[in-house]
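Me: Please take a close look at one helix packing in this model. Give me some background on the fold first, then the contact itself.

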Amino acid sequence: MKLLTGNDLKSGAVTWWTGSDWSIHVEHAADVGEHGESILQAEEGARRVNAPYIIDAVDTAEGPRPAHIKERVRALGPTVRPDLTLKPADPDAGDWVI
Amino acid sequence: MYSYDKYDQSIVDGRVAEFRDQVKRRLAGEITEDQFKPLRLMNGLYLQLHAYMLRVAIPYGTLDSRQMHKLADIARKYDRGYGHFTTRQNIQYNWIKLEDCPDLLDDLASVEMHAIQTSGNCIRNISSDQYAGAAADEVTDPRPWAELLRQWSSFHPEFSFLPRKFKIAVIASKEDRAAMRLHDIGIELTQKNGEIGARVFVGGGMGRTPMIAPEIGPFVKAEDLLSYIEACMRVYNRFGRRDNMYKARIKILVHEIGADEYRRQVEEEFAHVKKLGIDPPLAELERITEFFAPPEFAADADIKVDRSDPDFALWLDQNVKDHKQPGYAIVNISLKPIGGIPGDASADQMDVMAEIAKQYSFDELRVTHAQNIVLPHVAKKDLHTVWRALREAKLADANLDLISDIISCPGLDYCSLANARSIPVAQKIATRFADMDRQRDLGELKLKISGCINACGHHHAGHIGILGVDRKGVENYQLTFGGSGAEDVAIGKIIGPGFDEDGIVDAVEKATDVYRELREEGERFLDTYRRVGVTPFKEAIYG
């Protein structure tokens, strides 16, 4: 599957295209299939996202999992500061990245 | 310390106002990201892996307590309660919001700080010896010269769009504590017939093509320094490659045309530049030097320090260095707790360091390129008090220059350029060697980790260097031996195939075992490696 990701213009936070909007949670991301480029251009033009790009991901029971470790680190937060990730209370969250 | 005059302050304030307007226009959609990106980078604002990252300049690594307190305030107010001290003696904040950035820069400007020229193809923050003004072996204090260069290079119209970024270091000792020859220009102040002048080395650097800078100017007089550096820059600006960013650094130019030809061109250009009269009168250097006058040391401060507390004695032996003034010492604060993140300090820790500096170090702090902090002027009678205060703040790790005093770039945990994580490897190695007796038995061992070939973690200069690479989506770590950023400068060599995250820790341990087996009296790891060569290490590591 293909995901569309970028950063929020104001906060810089990592965001994921959900099919109709942007979310900071990768599990809400939608498969953009072959439409990634056109969505990217529309959303960038509408200034709803900064520096968007398309990545490969795998569909899992827990939701989309980016194929590359860099995108998984982006999605969750720094592996060395679990307290600053999106799932600070989940001790196993780091396993999802690695 | 240097203090802004009305011109410095108005320049910085003016830049903040200008950037405030640029941010406003970006948020309003009046300019695109392509238009805005070079503007934010000129103000040190990157878009990193998780958020915007702001890099704040700390000129030649020198701070006072007011500035350190402000850095703590900024960490609390605009970031997530911490900052990361870098190998360029700067500080980075990892979680900055674009809309907050102008206010943040205003706060910085209120304490004579900024983020200008911490990015982009310009002359970056001038770095220097963290012991400047305190070291017994310096021929003069390098900071006034660094400040002169800072003023000359700030907003220099000719050098705002160089082929690539440009880094300058200034030292004034034979012992190189600033990796001087691994800079685009390295300056070693020296004395000849009673006159202070500069040895100028050009074309060093790390990155994907590491090179040691050759000497270009053997003795440049003080009154010629700016003209000479200007000539060095002009030759680079004219002939440095702009068609390939990987070959655009000055080291490539110097290497391709050769040091002799580069020197000839610099001298030719210098003859022209010198006539332009850009060198300030020596009185200006003297005026700047007055800002760096030695503090009023107490004449009767020399005491014998009570070493009866073994933990304190250990810290004294490892982290406290001789000062040129009897009765005083240089205190190194390690930002490398076992299992911690190299170079990170919490806002509370910054406040503690600022308070200690104010009370016990004539209000001065330094940031080191090894990502530690220095209190340059502590009276020996205060050392125990300082140590206790640092220990309370978890800042008294006695591991300076030992295997756990690891330089590490942010790596894939924060950096959008990285291919592999650096920090977890640093944490695992430090934890493996946590035992202080073991670390001290190994002695000086500089281990440096980079998460990509850009080498921000200085792995090329590590006695042991580790380079993280991406092998088909999996982190892999290459091992290099034999590097040094000191006066025995050398580029480390890759010893063989890479390892996974746990394998690299085992490999480092095997290397230290070989060292312990083969070392001769007084040899450091680096010395033994240089004497015996790579073979016994490879045999032990790869079997």
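Reply: Helices here are DSSP runs of H or I with at least four residues, strands are runs of E with at least two, and both are numbered from the N terminus. By that count, chain A of this predicted model holds 3 helices and 5 strands. Their order along the sequence is β-β-β-α-β-β-α-α. Chain A has a radius of gyration of 13 Å, close to the 13 Å that the globule rule gives for 98 residues, so chain A is as compact as a globular protein of that length. Its C-alpha trace spans about 40 × 30 × 20 Å along the principal axes. Buried residues make up 34% of the 98 in chain A. Take the chain A contacts between residues at least 6 apart in sequence: 45% of them join residues at least 24 apart.

Now the close look, in chain B. Two packed helices are described by the angle between their axes and the distance between the axes. The pair here is helix α1 (residues 6-27) and helix α4 (residues 101-109), both of chain B. Their axes come within 9 Å and cross at roughly 175 degrees. Angles over 145 degrees count as roughly antiparallel, so α1(B) is roughly antiparallel to α4(B).

Which residues meet in α1(B) and α4(B)? From α1(B) come B:Val12, B:Asp13, B:Val16, B:Phe19, B:Arg20 and B:Val23. They meet B:Cys101, B:Pro102, B:Leu105, B:Asp106 and B:Ala109 of α4(B). By type, this contact has 8 nonpolar residues, 3 charged and no polar.

Definitions and conventions: Residues are numbered from 1 along each chain as its sequence is written. Chains are lettered from A and ligands numbered from 1 in the order in which they are written. This is a predicted model: local features need pLDDT of at least 70, side-chain atom pairs count only at pLDDT 80 or more; totals for chains, interfaces and linings use all residues. The radius of gyration is taken over C-alpha atoms; the globule rule is 2.2 Å times the number of residues to the power 0.38. A residue is buried if 20 or more other C-beta atoms lie within 10 Å of its own, exposed if 12 or fewer, and partly exposed in between; C-beta atoms are placed from the backbone. Two residues are in contact if their C-beta atoms, placed from the backbone, lie within 7 Å. Axes are lines fitted to C-alpha atoms, for helices over the stretch in contact, and angles run from 0 to 180 degrees between N-to-C directions. Angles under 35 degrees count as roughly parallel, over 145 as roughly antiparallel, 65 to 115 as roughly perpendicular and the rest as oblique. Ala, Val, Leu, Ile, Met, Phe, Trp, Tyr, Cys and Pro count as nonpolar, Asp, Glu, Lys and Arg as charged, and the others, Gly among them, as polar.
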